[in-house]
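Me: I would like to learn how to read a model feature by feature. Where do we start?

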Amino acid sequence: MTDKLKELNETLPDIMLLDAVYLVLGELIILLFVPQPALCAAGFFAGVLYAAFAIIHMSFRIRRVVYGRAAASKTLVLGYFIRLAVMLGVFAVLYIFHIGDLLSALIGMFAMKVSAYLQPFTHKMLSKILKKGR
């Protein structure tokens with residue numbers, strides 16, 4: 001699985017690992033400090049899942065532009081609107097069916113930003129750890 005992610009974008013395995021860590025830490029904080037954690041935990045989980053989807057979708061779009069010789073602006077703008085529609089769909093489902101907190105979902109979506117900013121540092125650390133193991 002990591003090989004397929006690396007084939008799509010070499011940073012994806014690190015970003016997905018960081019998203020998983022963000023999810024676990026966020027869920028632990030919610031379970032420990034929120035008085036009624038069910039809605040917050042579900043919303044946060046939905047937000048992190050959306051962030052993972054958005055990162056993979058963005059990587060497919062970028063790869064299509066770079067290697068598939070697709071029209072850059074058309075492909076990227078269409079991809080943006082697809083991600084926006086999915087995000088609004090996630091919010092609508094959480095709100096209409098009362099299965100998750102919208103603010104928690106928004107905080108979960110920040111996994112995309114956190115993992116993107118921490119990826120270079122994480123990659124450097126993981127490279128050092130893997131080199132020592134060999």
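Reply: We start with a definition. Helices are DSSP runs of H or I with at least four residues, numbered from the N terminus. Take His98: it sits in the loop between α4 and α5. Keep in mind that this is a predicted model.

Me: How many helices and strands does the protein have?

Reply: It has six helices and zero strands. Read from the N terminus, the order is α-α-α-α-α-α. The C-alpha atoms fill a box of roughly 45 × 45 × 20 Å along the principal axes.

Me: What share of the residues count as buried?

Reply: Buried means under 20% relative accessible area, and exposed means over 50%. Here 35% of the 134 residues count as buried. Contacts are worth a look too. Among those with a separation of 6 or more, 65% join residues 24 or more positions apart.

Me: Back to His98. What is its phi?

Reply: The phi of His98 is positive, about 50°, although the residue is not a glycine. His98 follows α4.

Me: Is His98 buried or exposed?

Reply: His98 counts as exposed because its relative accessibility is 60%, and the cut-off is over 50%.

Me: Where is Arg69 found, and what is its phi?

Reply: Arg69 is in the loop between α3 and α4. Its phi is positive, about 55°, and Arg69 is not a glycine. At 78% relative accessibility, Arg69 counts as exposed.

Me: Now the helices. How do I check the span of α4?

Reply: Take 1.5 Å times one less than the number of residues. Then compare that with the distance between the end C-alpha atoms. For α4, 25 residues should span 36 Å. The end C-alpha atoms are 36 Å apart, so the two values agree.

Me: What about the span of α2?

Reply: α2 has 22 residues, and 32 Å is expected at 1.5 Å a residue. From first C-alpha to last, α2 reaches 31 Å, which is close to that value.

Me: Which residues of α4 are buried, and what covers them?

Reply: The buried residues are Thr75, Gly79, Arg83, Met87, Val90, Phe91 and Leu94. Their cover includes α3 and α5.

Me: Which residues of α2 are buried?

Reply: Among them are Leu12, Ile15, Met16, Leu18, Asp19 and Tyr22. Further along, the list includes Gly26, Glu27 and Ile30.

Me: Why does Leu18 count as buried?

Reply: Leu18 has 15% relative accessibility, so it falls under the 20% cut-off. Leu18 lies in helix α2. Leaving out residues up to four places away in sequence, Leu18 touches Ser115, Leu118, Gln119 and Thr122. Sequence separation and distance in space are read apart. Leu18 and Cys40 are 22 residues apart in sequence and 20 Å apart in space, C-alpha to C-alpha.

Me: Can we follow one of those partners? Where is Gln119 placed?

Reply: Gln119 is in helix α6. It is buried, with a relative accessible area of 11%. Beyond its neighbours within four places in sequence, Gln119 is in contact with Thr11, Asp14, Ile15 and Leu18.

Me: Next, the core. Which residues touch the most other members of the largest nonpolar core?

Reply: A nonpolar core joins buried nonpolar residues through their side-chain atoms. The largest one here has 26 residues. Leu12, Met16, Phe44, Val48, Tyr50, Ile55 and Met112 touch the most other members. α1 (2-8), α2, α3, α4, α5 and α6 give two or more residues each to this core. α3 gives the most, with ten.

Me: What is Ile55 in contact with?

Reply: Setting aside neighbours within four places in sequence, Ile55 contacts Leu12, Ile15, Met16, Asp19, Met112 and Ser115.

Me: Which helices supply the lining of the largest pocket?

Reply: α2 (12-33), α3 (37-67), α4 (72-96), α5 (102-109) and α6 (111-133) each supply at least two residues. The largest share, six residues, comes from α3. By type, the lining divides into 16 nonpolar, four polar and two charged residues.

Note on methods. Residues numbered from 1 in each chain as written. Predicted model: local features only at pLDDT ≥ 70, side-chain atom pairs only at ≥ 80, totals over all residues. Heavy atoms only, no water. Nonpolar A, V, L, I, M, F, W, Y, C, P; charged D, E, K, R; others polar. Core = buried A, V, L, I, M, F, W, Y, C linked by side-chain atoms within 4.5 Å. Buried < 20%, exposed > 50% of the residue type's maximum accessible area, 1.4 Å probe, protein only. Contact = heavy atoms within 4.5 Å.
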